[in-house]
Amino acid sequence: MEKILIFSGTSDGNRLARCLASENFDITLCVATEYGGKVAPHCSGVTVKSGRLDAGEMKRLITRYGFPAVVDATHPYAKEVSENILSACGETGAEYLRLGRGAFSCDGAVWVPSAAAAAEYLKGTEGNVLLTTGSKELKEFTAVPGYRERLFARVLSTAEVAEKCRELGFEGKNLICMQGPFSEELNYAMLRQIDAKWLVTKESGTRGGFPEKAEAARRAGAELIIIGRPMENAGQSADELFFRFTGKHMPKAVFLVGIGMGSTGSMTKDGEAAIKEADLVIGAERMLNAVKKLNTRTACAYKAGEIRDIVSKTDGEKIAVALSGDVGFFSGAKSVTEELRSLDNVEIKRIPGISSAVYLCAKAQTSWEDAVLLSLHGRQSNLVYTVRHNPKVFAIVGGGDAVKKELIRLCEYGLGHVHVTAGKNLSYDDEVIYEGTAEELSAMELSGLFSILILNDSVKEEIVTHGIPDAEFVRGSAPMTKEEVRSVSLSKLRLEENSVVYDVGAGTGSVSIEMARMAAGGTVYAVERDGEACGLIETNRKKFGTENIHVISGFAPDALRNLPAPTHVFIGGSGGNMKDIVEAVFAKNPSARVVINTIAMESTAEALEIVNSMPVKDVEITQLSVAKSRKVGRYNMMTGNNPVTITSFTGSGE
């Protein structure tokens with residue numbers, strides 16, 4: 001078992017000791033004070049020694065236990081201690097390793113080299129001062145005229161420190177004994193409470209709470225006096241040192257936090273705690289604005305890959321990813337989880353939040369358990385079809401004028417009568433809840449971040465099987481595939497819920513309508529070269545509420561060029577280009593399922609040539625003859641239609 005000596009005065013040093021011990025290293029952790037001993041990790045594999053050591057004592061400790069390596073994880077301002085450790089390592093031959101902390105720049109501040117220089121600068125100023133440099137160099141500030149009244153010292157809450165400060169003349173309201181870490185809000189409150197015009201701090205980096213002090217001073221209108229670093233302490237990060245010893249990266253806990261709609265009031269206590277305790281919070285700009293009062297150590301990113309890269313480069317034990325709403329409801333948590341699983345040192349934890357569906361339904365005094373839940377924000381969802389077939393639908397809409405467009409679309413498809421509860425900027429101070437019919441709300445100027453709840457009390461029972469009666473379609477002079485033929489053809493097509501379908505030679509759109517109803521989560525591209533027929537498809541599209549149909553006017557295969565790759569293709573009319581159309585389809589997806597309907601013998605021969613010459617499988621050729629009765633006097637006579645040949649096959653993937 002390898003032995004390592006760590007001189008720790010920082011949380012990073014304690015974390016390194018704890019993580020190395022978990023990898024079966026024998027760690028001796030030296031801390032200078034009794035308080036340091038209390039906060040040090042007391043776990044298996046870590047021996048804690050409290051008390052200050054000089055260079056000679058350090059040398060004897062290294063020699064006695066034969067430590068091959070020594071980690072200097074003391075505070076960046078413990079210049080003398082670092083020099084002693086370096087000296088002891090040089091005399092014993094032990095390897096000296098420095099655990100560094102990242103520097104933080106701050107424009108517009110007053111930089112000084114030492115506490116004495118800060119005190120000298122303060123002599124020429126007026127106004128109250130908050131000192132956050134600790135008790136060790138507090139004596140230097142007694143040189144400031146009127147320091148007993150002007151200066152307020154924030155120090156550790158131990159009896160020894162408090163007594164030392166009292167002896168120097170800092171007591172009563174001018175002595176603040178508290179243990180950090182200090183949030184931006186707490187720093188801000190202190191500055192406002194004492195009416196501070198100045199804040200004196202050391203540049204202790206992000207881990208040392210410097211950003212929180214700098215931002216609080218900016219908000220409070222206090223000037224910053226920063227004591228610059230006395231020596232170069234770049235060193236290596238805790239993760240780099242851990243990797244040097246173990247060949248692994250330090251374990252990190254990544255919390256995927258659902259923060260609710262956006263206000264801190266809609267965040268759970270667990271979510272709030274995870275954000276506060278995180279070494280870094282990652283999220284989109286709106287998410288970070290929502291949590292900035294809890295933690296200012298942030299990185300702006302919303303793409304899953306970007307979040308993974310930031311996590312991999314962050315030297316922190318706890319990282320929070322702030323996500324809107326709930327992590328299980330149309331959340332980025334899914335894609336972020338998939339990306340983070342590529343990192344071998346990350347443990348993923350999810351913290352649920354209050355979703356907009358739960359929130360808006362509560363505002364509307366109704367339940368959400370019986371609602372169909374959709375997201376129209378960056379996703380393709382068939383809202384019209386869903387509303388037509390369900391009495392209660394909830395949808396996340398998104399920002400801008402998206403809600404107005406959706407309301408207008410409902411009206412265009414004959415759903416202007418449905419009742420809509422529209423929630424704008426839910427949970428924020430400027431939250432607004434609108435209620436009315438889709439038609440009434442569509443006439444309003446609505447924009448912003450919206451979610452909507454739609455109640456349809458006139459849901460009609462519709463045929464759920466394919467084979468809509470021919471008389472239901474609006475017809476013109478364009479050809480139409482009859483219902484019996486549609487039924488068999490669609491069975492051969494084997495559609496799925498989210499299929500991407502081409503209907504080539506769509507005619508009146510009867511097959512497109514049937515396919516759009518069956519693949520309600522997918523998309524149908526109705527390709528038709530005749531202008532009148534395109535108009536009929538649009539009319540039937542609105543009548544049946546199948547907004548997932550896109551009418552493509554043009555000749556195939558050229559009209560297919562800019563369409564996404566299909567999963568399924570129905571060819572009802574090819575204009576003599578049947579083989580070219582199939583070749584264009586297989587160029588996009590070699591595994592597409594294809595059904596071709598033909599009446600003319602020449603067209604049937606062309607379909608047969610395709611299955612014999614192209615890489616296909618699962619070939620079936622069916623000829624369907626349909627005869628329907630008609631009344632002749634008091635008799636029913638059967639009248640036959642032209643037989644239809646249905647050729648179906650699947651691309652072999654080659």
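# Briefing: local features of a predicted model

Q365 is exposed, with 71% relative accessible area (exposed means over 50%, buried under 20% and partly exposed in between, using a 1.4 Å probe and protein chains only). This is a predicted model, in which local features need pLDDT of at least 70, side-chain atom pairs count only at pLDDT 80 or more, and totals for chains, interfaces and linings use all residues. Residues are numbered from 1 along each chain as its sequence is written, and side-chain values use heavy atoms, with hydrogens and water left out.

**Backbone geometry**

- Most residues other than glycine have a negative phi, and most peptide bonds are trans.
- Q365 is not a glycine, yet its phi is positive, at about 60°.
- Q365 sits in the loop between helix 15 (356-363) and strand 17 (372-375). Helices (H or I, at least four residues) and strands (E, at least two) are DSSP runs, numbered from the N terminus.
- D618 also has a positive phi, about 55°, without being a glycine.
- D618 belongs to strand 27 (residues 616-624). Its relative accessible area is 42%, so D618 is partly exposed.
- The peptide bond between A556 and P557 is cis, with omega about 10°.
- P557 lies in the loop between strand 24 (549-553) and strand 25 (568-571).

**Helix 22 against helix 23**

- Two packed helices are described by the angle between their axes and the distance between the axes.
- Helix 22 (residues 578-588) and helix 23 (residues 601-613) have axes that come within 9 Å and cross at roughly 35°. The axes are lines fitted to C-alpha atoms, for helices over the stretch in contact, and angles run from 0 to 180 degrees between N-to-C directions.
- The crossing of helix 22 and helix 23 is right-handed. Right-handed means that the near helix is turned clockwise from the far one by less than a right angle, and left-handed means anticlockwise.
- Helix 22 contributes M578, K579 and V582 to the contact, and helix 23 contributes S603, E606, A607, E609, I610 and S613. Contact means heavy atoms within 4.5 Å.
- By class, the contact has four nonpolar, two polar and three charged residues. Ala, Val, Leu, Ile, Met, Phe, Trp, Tyr, Cys and Pro count as nonpolar, Asp, Glu, Lys and Arg as charged, and the others, Gly among them, as polar.

**Aromatic pairs**

- The model has 10 aromatic pairs. Rings of Phe, Tyr and Trp (its six-membered ring) pair if their centres lie within 6.5 Å; planes under 30 degrees apart count as stacked, over 60 as edge-to-face and the rest as tilted.
- F25 and F245 pair edge-to-face, at 6.1 Å centre to centre with 65° between the planes.
- F25 is in the loop between helix 1 (11-22) and strand 2 (26-31), and F245 is in helix 10 (residues 238-246), so this pair ties together parts 220 residues apart in sequence.
- Both F25 and F245 are buried.
- F329 and F330 have ring centres 4.9 Å apart and planes at 70°, so they too pair edge-to-face.
- F329 is buried at 13% relative accessible area, whereas F330 is partly exposed at 35%.
- Ring pairs join F329, F330 and F394 into a cluster.

**Charges over rings**

- The charged end of R154 sits over the ring of F182, 3.7 Å from its centre. A charge sits over a ring if NZ of Lys or CZ of Arg is within 6 Å of the ring centre and within 35 degrees of the ring normal.
- R219 lies over the face of Y188, 4.1 Å from the ring centre.

**Contacts and distances**

- T650 is in strand 30 (residues 644-651). T650 is buried, at 11% relative accessibility.
- Leaving out residues up to four places away in sequence, T650 touches S591, A592, R593, P615, V616, K617 and D618.
- I599 is in the loop between strand 26 (593-598) and helix 23. I599 is exposed, at 56% relative accessible area.
- Beyond its neighbours within four places in sequence, I599 is in contact with N642, P643 and V644.
- S625 occupies the loop between strand 27 and strand 28 (627-632). S625 is exposed, at 56% relative accessible area.
- S625 and T645 are 20 residues apart in sequence and 8.8 Å apart in space, C-alpha to C-alpha.
- D457 is in the loop between strand 21 (450-455) and helix 19 (483-493). D457 is exposed, at 75% relative accessibility.
- D457 and F570 are 113 residues apart along the chain, and their C-alpha atoms are separated by 36 Å.
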